[in-house]
Protein chains: 2
Amino acid sequence: MRTQYHEQLDSLTAQLGAMCELAGTAMERATQALLQADLVLAEQVITDHDQMSALSTRAEESAFVLLALQAPVAGDLRSVVGSIQIVADVDRMGALALHVAKIARRRHPQHALPEEVNGYFAEMGRVAVELGHAAREVLITRDPEKAARIQEEDDAMDDLHRHLFTVLMDRDWKYGVTAAVDVTLLSRFYERFADHAVEVARRVIFQVTGVYPDGETIPQQQ
Amino acid sequence: MRTQYHEQLDSLTAQLGAMCELAGTAMERATQALLQADLVLAEQVITDHDQMSALSTRAEESAFVLLALQAPVAGDLRSVVGSIQIVADVDRMGALALHVAKIARRRHPQHALPEEVNGYFAEMGRVAVELGHAAREVLITRDPEKAARIQEEDDAMDDLHRHLFTVLMDRDWKYGVTAAVDVTLLSRFYERFADHAVEVARRVIFQVTGVYPDGETIPQQQ
């Protein structure tokens, strides 16, 4: 039987899912802005970030209303509090997309990236969009197998991040220190975006199984 | 009159305060390890991080017990849920100190930093320790004026971060790309450490006053 509590919890989950999609879209557009030195698109990501902040506030408020009015216990309590923790992770994913867009804007009309590394960032952008979708799916389906997919995408992101550092450090980098600094920060932003998606999945799996996906019972922030 | 609820909440607050101190100490030691290329100290920070993870888990569990057994409402509910959000911020401060220590370890026996920027990082380390103390004080006293002190320290950290980028980008940087990448990441870690301390203070002030220190009522992740 459906209770009002479960309807409200489903609505909260849908809000979190919408935030994940929004974060993925923001990172997709920020990546395009970066690769094409597209100022209009960068500005759009920056403006749209207000929407993410508004959704975060609304989701947090929904969770509080649920806690206050429904006084859930045990597993239900963990789900609602877990949702509040997830809001912070997804909000941060949006902020990282914002940071990427701001670097694109700062360097306009120049490209922030040397052409040599465009391929890495195009791929990082693609993975970020996948992570946004996947995080939404994990939230809604609560399926541990879908959570494993997030782990794979995160591994892909980590590989890209590491390869980029090899390009930066080991080869004959000829684009100067400013580009090196931008590439370092940008790569870090994508890596952190993925880490937060992993964290969303870990929290969902913990809610479902009582155990974190890596087998430990201790929350772990990377 | 003291209730069991308030005793448990005070105990939770004390745990969060201890975590702030631990994060500050970790960043202090990581900074020493960085400046002196001190491998033993770097290893100690890395080992001690387990303690932070354990404290995070315990604090989160204490908050859940409080929610489950005491079923707080209204402002009390916000305090307890706020504590769970604060755990994530302080845990992250510890992780950032860990990242600094890991860079010191990776470059050992070399120094990660060119001597020219040592002064900046010594100062960033000093500010980080102050932030650890100040965050603990804000948690325990719930004093908005002490929260303002955190904002000042954060401004100081932002200034240092910006100056470092000027050194990296505008002058005749002669230490190569590897050092530039390390300095970029390290500076970012200190800046984020300060951001999380600010976030702790903002959450406490919101719990006390119902308004965030910057006058808005919307949670804002930088």
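Biologist: What makes H6(B) largely enclosed by the rest of the structure?

Modeller: 30 of the 34 residues of H6(B) are buried, so that helix is largely enclosed. Buried means under 20% relative accessible area, with exposed over 50% and partly exposed in between, using a 1.4 Å probe and protein chains only. Keep in mind that this is a predicted model, where local features need pLDDT of at least 70, side-chain atom pairs count only at pLDDT 80 or more, and totals for chains, interfaces and linings use all residues. Side-chain values use heavy atoms, without hydrogens or water, residues are numbered from 1 along each chain as its sequence is written, and chains are lettered from A and ligands numbered from 1 in the order in which they are written.

Biologist: How do you know what span to expect for H6 of chain B?

Modeller: The expected span is 1.5 Å times one less than the number of residues. Helix H6 covers residues 176-209 of chain B and reaches 49 Å from first C-alpha to last, close to the expected 50 Å. As for the label, helices (H or I, at least four residues) are DSSP runs, numbered from the N terminus. After H6(B) comes B:Gly210, with a positive phi near 80°.

Biologist: And what about H1 of chain A, how far does that helix reach?

Modeller: H1(A), residues 4-36, reaches 48 Å, close to the 48 Å expected. A:Ala37 follows H1(A), and its phi is positive, near 45°.

Biologist: Why is A:Ala104 called buried?

Modeller: Its relative accessibility is 5%, so A:Ala104 counts as buried. The residue sits in helix H3 (residues 74-107) of chain A. Beyond its neighbours within four places in sequence, A:Ala104 is in contact (heavy atoms within 4.5 Å) with A:Ala33, A:Leu34 and A:Ala42.

Biologist: What makes B:Glu61 and A:Arg78 a salt bridge?

Modeller: A salt bridge needs a side-chain nitrogen of Lys or Arg within 4 Å of a carboxyl oxygen of Asp or Glu. In this pair the closest N and O atoms are 3.2 Å apart, so the pair meets the 4 Å rule. Across the interface of chain B and chain A, the rule finds two salt bridges. Helices H2, H3, H5 and H6 of chain B each supply at least two residues of the side that touches chain A.

Biologist: How much area is buried between chain B and chain A?

Modeller: About 3,400 Å², with carbon and sulfur atoms giving 65%. That's the accessible area (1.4 Å probe) that two parts lose on being put together, summed over both.
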